[in-house]
Amino acid sequence: MGKRVLTAVQCSGKLHIGNVMSVVSPTLELSNGDSNEVFIFLADLHSLTTVKDPKILDEYRRNAAVVWLSLGLDTDKVVFYRQSKVRGICELTWILNCLTPFPMLANAHAFKDKSSNLSNVNVGLFDYPVLMAADILIVGAEYIPVGKDQLQHIEITRDIATFYNNRYGNMFTLPQALINSNLEIIPGIDGRKMSKSYGNTIDIFVAENELKKTIMSIKTDSKSIDEPKDPENCTLFKIYSAVADKEDVESLRGRYVNGGISYKETKDMLYETIVTKFGEARKKYDDLIKNRDFIDRIFVDGERKVQDIVDCKLSEIKGAVML
Ligand code: TRP
């Protein structure tokens with residue numbers, strides 16, 4: 001039976017290969033065929049916690065829209081929308097705020113990581129998980145494809161839904177995270193977690209020479225061609241594993257362990273894999289990104305559809321609270 005599936009990406013930077021492999025491609029796969037109802041949105045309200053320049057916010061949101069479309073999002077099959085255009089998500093966030101224990105948010109990893117310097121933390125950043133709970137619960141989504149770093153947010157959503165259900169009666173389905181389990185967290189080019197905030201990402205939609213330059217700058221040790229290499233401790237190998245086909249990964253593993261391949265050759269292979277696998281998407285991206293009107297129009301249907309669902313659900317939710 002079909003399931004209601006929902007996901008989003010924050011537009012706080014251009015989408016990178018980690019976002020593509022962990023969230024974009026797996027969600028698009030779930031939208032192929034007719035059985036699932038799939039909701040995908042651009043989390044621009046979440047982005048506002050970190051992006052304050054209006055032009056940049058707009059640019060990142062457009063980039064995210066075009067990445068999804070280039071990789072095959074079909075608006076006939078997916079309800080595709082911008083979070084900020086849907087009335088009611090923020091209203092539900094407030095209701096859920098009033099049920100959320102302060103320590104639950106204070107203990108969330110994403111907040112804790114930043115809490116050493118509280119004067120730089122805005123309230124939106126603190127409340128981030130509750131807005132995410134509202135996104136999910138207002139649509140009644142059952143499955144949430146996300147990267148591993150979002151697991152705690154899904155747990156918090158389940159907890160908040162349970163608080164509401166216990167107090168006001170069963171309203172919310174408890175969502176489940178869908179994690180792409182063959183995918184380890186993809187490291188960035190410097191070996192740390194790939195993250196916009198570290199500036200260590202690989203953007204697969206840039207011009208060929210820029211893509212090549214990024215790949216050539218992936219950090220490795222200085223082992224020579226003949227020396228055996230350790231695939232488990234190699235950033236380059238891990239990034240290759242995330243994009244290449246299984247057999248190619250296994251064949252590279254053999255060449256690493258036995259010696260006989262240079263990092264330069266491996267980087268060339270990674271580059272070739274990316275331009276081959278994403279060749280068509282890269283062409284589409286270049287065409288679409290110039291077409292601002294088309295991108296603005298693409299959301300009209302999705303925003304209408306989701307608004308109907310939200311209006312209906314929010315009136316039930318408010319009714320139960322007596323608002
Ligand atoms: N926090 C997610 C990210 O950083 C984006 C997001 C916002 C999201 N709301 C969501 C993901 C609801 C899944 C469901 O990528």
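Guide: Start with R292, which counts as partly exposed because its relative accessibility is 41%; the term covers the range between buried, under 20% relative accessible area, and exposed, over 50%, with a 1.4 Å probe and protein chains only. The model is predicted, so local features need pLDDT of at least 70 and side-chain atom pairs count only at pLDDT 80 or more, while totals for chains, interfaces and linings use all residues. Residues are numbered from 1 along each chain as its sequence is written, and side-chain values use heavy atoms, with hydrogens and water left out.

R292 is in a salt bridge with D58, with 3.2 Å between the closest N and O atoms (a side-chain nitrogen of Lys or Arg within 4 Å of a carboxyl oxygen of Asp or Glu). This pair joins distant parts of the chain, 234 residues apart: D58 belongs to helix α3 (residues 54–70) and R292 to helix α14 (residues 292–297). Helices here are DSSP runs (H or I, at least four residues), numbered from the N terminus. D58 is partly exposed as well, at 23% relative accessibility. Both residues belong to a network of salt bridges that also takes in D44, R61 and R62.

The structure holds 17 salt bridges. Among them is the one between the side chains of E91 and K318, at 2.6 Å from N to O. E91 is partly exposed at 35% relative accessibility, and K318 is partly exposed at 24%.

An α-helix has 3.6 residues a turn, so residues three or four places apart point the same way. R253 is partly exposed at 25% relative accessibility, and E250 at 45%.

Helix α11 (246–258) is also among the elements that cover the buried residues of α10, together with α1 (17–31) and α12 (263–277). Helix α10 (residues 235–243) is largely enclosed by the rest of the structure, because 7 of its 9 residues are buried. These are T235, L236, F237, I239, Y240, A242 and V243.

Now the domains. An automatic or database assignment gives domain 1 (4–185 + 292–321) and domain 2 (206–277). Their C-alpha centres lie 33 Å apart. Contact (heavy atoms within 4.5 Å) involves 4 residues of domain 1 and 5 residues of domain 2. The interface of the two domains has 0 salt bridges by the rule. About 360 Å² is buried between them, 77% of it on carbon and sulfur atoms; this is the accessible area (1.4 Å probe) that two parts lose on being put together, summed over both.

One more position is A281, in helix α13 (residues 279–288). A281 is buried, since its relative accessible area is 8%. Apart from neighbours within four places in sequence, A281 is in contact with S70, L71 and F205. The C-alpha atoms of A281 and L71 are 5.4 Å apart, although 210 residues separate them along the chain.

Conventions: Helices (H or I, at least four residues) and strands (E, at least two) are DSSP runs, numbered from the N terminus.
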